[in-house]
Amino acid sequence: MRKKELRLVVTFHTTADAMAMEKECKENQVNGRLIPVPRSISAGCGLAWCAGLEDKDTILSMMDQVGIEHEDLHECMV
Amino acid sequence: MNLSDSKKKLAIAGIICGLIAAVLAKMGNPANMAMCIACFVRDTAGALKLHSAAAVQYARPEVIGIVIGAFAISLATKEYRSTAGSSPMIRFILGMIIMIGSLAFLGCPLRMVLRMSAGDLNAWVALIGFAAGVATGAFFLKKGFSLGRAHETNFASGTILPILMAGIFVLSVCTTLLAASEKGAGPGALHAPIAVSLIAGLLFGAVAQKSRMCFAGSIRDIILVRSFDLISVIAGLFVVMLVFNIATGGFHLSFTGQPVAHSAHLWNILGMYAVGFAAVLAGGCPLRQLVLAGQGSSDGAVTVLGLFVGAAVSHNFGLAGAAAAAATADKPATAGGVSTAGQVAVIICIAACFLIALTNKRKGTK
């Protein structure tokens with residue numbers, strides 16, 4: 001079982017944005033993975049992007065470049 | 001206790017929902033229909049005289065309770081968010097499709113699981129269609145399907161459906177305005193006492209809101225992110241009802257002799273295919289739509305209105321499946337199934353799902 005640690009969780013307005021995020025991160029070799037939105041931070045049953053805290057700037061800059069809007073940024077145990 | 005921070009606790013949430021369903025089954029709800037969102041919305045639509053099928057008219061307090069339970073818990077835990085504006089008319093159509101597909105099969109995904117736990121093999125066959133529908137929806141999500149984002153709106157907007165549901169409950173208890181199936185008329189006449197049904201609905205809604213219980217979402221998450229969180233809720237519910245059915249002699253592993261069911265396999269599969277597909281496009285199964293509507297989503301509320309209209313259309317135009325029935329002194333045995341009109345409707349529903357999936361893309365998706 002994966003040990004829980006403090007990580008960056010990016011939530012999106014739509015599931016399609018989350019799917020686009022996965023595609024762009026793969027293409028741009030940015031770290032992270034799709035996860036169900038943690039229940040502690042949202043009431044949605046959607047998807048979120050989970051990555052290391054150290055990747056925050058890279059992720060935000062890539063999202064800005066490819067035009068993916070985030071709903072919110074969280075730091076939580078995942 | 002936080003019911004949502006580990007798979008084990010999510011399974012406990014499912015067990016609680018299973019226990020609620022077991023109580024409702026014991027207290028008088030129809031066989032293998034302790035809790036069915038499609039059937040209960042259909043019954044409530046009948047009570048409101050949106051259709052006139054005498055066998056299925058009763059304002060089900062469970063449905064009312066689920067919406068109000070989700071509303072109350074989301075307010076209490078600060079998760080209530082009044083939002084709207086994500087392609088409401090498409091969601092309305094998806095709601096209708098979910099209902100038409102469900103009534104062809106004779107049950108929503110929740111009842112499908114309850115029927116599976118009672119050994120109804122027709123429901124296991126329908127699961128193939130449901131999973132395939134969810135997989136098709138997931139495929140289009142990967143291809144960039146989107147109904148657009150919802151926006152924050154006035155607090156009051158999200159309270160409308162819970163208030164309307166409370167109004168239906170008051171009318172059902174205090175007046176004779178609403179229709180109700182007469183004793184012996186059919187499933188609408190079988191129900192637990194009102195107070196038990198209402199409390200069960202409130203609890204079910206609250207637990208479903210906290211656990212994010214969603215039958216379509218559980219399979220979607222396995223396909224898209226290999227997450228088994230949501231399916232653990234469903235597994236908990238299934239296990240409790242399996243034990244309950246075995247203990248009470250309600251478990252019969254067979255295709256025939258199952259209550260309110262038919263063995264038209266192709267139409268069970270295609271009906272639930274439409275439900276799975278439409279539910280993923282709409283962002284949740286019928287139960288999830290009730291819960292989303294309760295926690296402030298006007299888009300969820302519009303989908304629920306689609307469920308009501310879909311129920312009316314199904315019964316007014318003879319699209320709903322007919323249950324198989326054993327021979328009686330007056331009538332010969334009938335195999336049940338889906339009428340030609342119902343079959344055409346299911347095909348149209350599936351075609352409409354493909355059309356919606358192909359024509360609604362995230363901006364910037366090629």
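**Reading the fold and interface of chain B**

Author: In this predicted model, residues 24 or more positions apart account for 83% of those contacts in chain B that have a separation of 6 or more.

Reader: How many helices and strands does chain B have, and what is its radius of gyration?

Author: Chain B has 14 helices and 2 strands. Its radius of gyration is 19 Å, close to the 21 Å that the globule rule gives for 366 residues, so chain B is as compact as a globular protein of that length. Along the principal axes, its C-alpha atoms fill a box of roughly 65 × 40 × 40 Å.

Reader: Which residues have the most contacts inside the largest nonpolar core?

Author: In soluble globular proteins, nonpolar side chains tend to be buried together. Here, buried residues make up 58% of the 366 residues in chain B, and the largest nonpolar core has 143 residues, with Ala21(B), Val67(B), Ala274(B) and Ala278(B) having the most contacts inside it. Helix H11 (residues 265-282) of chain B gives the most to this core, with 13 residues. Beyond its neighbours within four places in sequence, Ala274(B) is in contact with residues including Ile97(B), Gly133(B) and Cys353(B).

Reader: How many residues of chain B are in contact with chain A?

Author: On the chain B side, 26 residues are in contact with 16 residues of chain A. Helices H6 (121-142) and H9 (215-225) of chain B are the elements giving two or more residues to that side, and H9(B) provides the largest share, 4 residues. By class, the residues on that side divide into 5 nonpolar, 11 polar and 10 charged.

Reader: What pLDDT does chain B average?

Author: Where pLDDT is low, the predicted coordinates should not be read in detail. Chain B averages 95, with 98% of the residues scoring at least 70, while the model scores ipTM 0.89 and pTM 0.95.

Conventions. Residues are numbered from 1 along each chain as its sequence is written. Chains are lettered from A and ligands numbered from 1 in the order in which they are written. This is a predicted model: local features need pLDDT of at least 70, side-chain atom pairs count only at pLDDT 80 or more; totals for chains, interfaces and linings use all residues. Two residues are in contact if their C-beta atoms, placed from the backbone, lie within 7 Å. Ala, Val, Leu, Ile, Met, Phe, Trp, Tyr, Cys and Pro count as nonpolar, Asp, Glu, Lys and Arg as charged, and the others, Gly among them, as polar. pLDDT is the predictor's confidence in each residue, from 0 to 100. A nonpolar core is a set of buried Ala, Val, Leu, Ile, Met, Phe, Trp, Tyr and Cys residues joined through C-beta atoms within 7 Å. A residue is buried if 20 or more other C-beta atoms lie within 10 Å of its own, exposed if 12 or fewer, and partly exposed in between; C-beta atoms are placed from the backbone. The radius of gyration is taken over C-alpha atoms; the globule rule is 2.2 Å times the number of residues to the power 0.38.
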